[in-house]
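Dear colleague,

Please find below the structure that I am handing over to you. My notes on what was found in it follow directly after.

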Amino acid sequence: MDHVRTPYRWFFQGMLAAVLILIAILLTAAAALEEGCPQAALRLLRTAALLLLAWAGTLAALLWKARRLRLRPSDAGRRSGFSFLTDLLNEEHDLGYSRQEMALKILEAQAQMDSLQSQINPHFLYNTLESIRSKALLHDEEEIATMTETLARLFRYNINRNGTKASILDELENVKNYIRIQNYRFRDKFTLRLELDGLEELTGSYMLPVLTLQPIVENAIHHGLEPKIGPGSILIRGFCTQSKLILQIRDDGVGIPPRRLDELRARLLHPDSGELIAPEGDGTSRRGSGIALKNVHQRLQLFFGPAYGLEITSAPGAGTQIELCMPAPSASGDREHEKRAV
């Protein structure tokens with residue numbers, strides 16, 4: 001740390017000396033005015049102004065140079081007497097990244113809190129469901145056996161999954177199991193369609209935060225399709241642009257009133273306003289929706305960056321679309337994405 005401490009001492013001692021000289025000049029100018037020497041006081045004030053401009057210009061130049069060095073890795077080996085300023089900026093950047101990592105862990109923990117509360121003994125739950133399935137098969141109740149197996153898969157994914165990341169393929173399989181369970185309850189009211197536009201190979205390798213798609217599908221069913229009279233459908237469409245991978249989850253439900261839609265959009269645009277995890281259930285909804293859209297949006301931004309996340313479009317009677325925006329896998333971005341997926 002000696003290479004940092006020495007420039008620290010030199011720099012701040014120089015700044016302190018400049019400030020003391022400036023104070024001394026101003027005090028001398030005030031004394032000259034009291035003694036009736038306005039010309040001398042004016043000269044002193046001009047000197048103080050020039051010193052202040054030089055002090056500010058030097059500081060601005062040093063900070064600009066440090067920022068340029070930080071943004072140009074090729075100059076990293078050219079260390080100067082003021083290169084410790086670059087270290088300070090890098091430390092500030094690293095500190096922000098650490099805070100981002102910490103916030104991600106907090107969000108992930110809160111996102112799975114409801115599921116974890118039921119994890120007293122997941123093996124007991126799985127064994128019980130398997131026993132029910134076996135009994136159903138013995139009595140030729142294939143529908144009950146299938147429903148029990150699907151429920152076990154859903155619980156296993158939500159409760160006992162290792163890690164905080166999952167592939168798009170895993171997320172889609174979890175959504176399929178969720179839809180099957182809901183169709184047992186609502187007599188095949190819901191239809192799930194997939195349009196991946198050539199992304200089939202990508203779905204098994206592209207990683208995103210676990211439990212990203214199910215909360216959105218859950219919202220679509222609870223708030224869009226359950227209140228609708230007659231059957232309803234959910235379309236999950238995926239495609240790549242030059243710089244982004246887009247997943248659209250669209251339902252043909254009752255839609256969202258304009259005022260409620262504005263509230264949801266504001267919640268996504270201003271994630272730091274209010275509580276960290278905002279529940280979707282409020283006075284306008286009939287039940288809680290599991291993991292809030294805000295939670296999914298924040299986790300996507302923390303995982304991929306602030307340029308990504310959710311967008312909501314809807315109209316009463318015309319359904320709702322939630323669009324997930326993520327970085328497209330590219331030759332330059334694959335390596336970083338693979339690091340995140342480890």
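The count of salt bridges comes to five, a salt bridge being a side-chain nitrogen of Lys or Arg within 4 Å of a carboxyl oxygen of Asp or Glu. This is a predicted model, in which local features need pLDDT of at least 70 and side-chain atom pairs count only at pLDDT 80 or more, whereas totals for chains, interfaces and linings use all residues. Residues are numbered from 1 along each chain as its sequence is written, and side-chain values use heavy atoms, without hydrogens and water.

Side chains of opposite charge can pair when their charged atoms come close. Glu149 forms a salt bridge with Arg153, with 3.1 Å between the closest N and O atoms. Both Glu149 and Arg153 belong to helix 6 and are four residues apart, about one turn of the helix. Helices are DSSP runs (H or I, at least four residues), numbered from the N terminus.

Helix 6 (residues 142–159) and helix 7 (residues 168–185) have axes that come within 9 Å and cross at roughly 135 degrees; axes are lines fitted to C-alpha atoms over the stretch in contact, and angles run from 0 to 180 degrees between N-to-C directions. Helix 6 is therefore oblique to helix 7 (under 35 degrees counts as roughly parallel, over 145 as roughly antiparallel, 65 to 115 as roughly perpendicular and the rest as oblique). The contact (heavy atoms within 4.5 Å) includes Arg153 of helix 6 and Tyr178 of helix 7.

Helix 7 also packs with helix 9 (residues 213–225), at an angle of about 30 degrees and with axes 9 Å apart. Helix 7 and helix 9 are therefore roughly parallel to each other. Among the residues that meet here are Tyr178 in helix 7 and Ile221 in helix 9.

Methods
Helix = DSSP H or I, 4+ residues; strand = E, 2+ residues; numbered from the N terminus.
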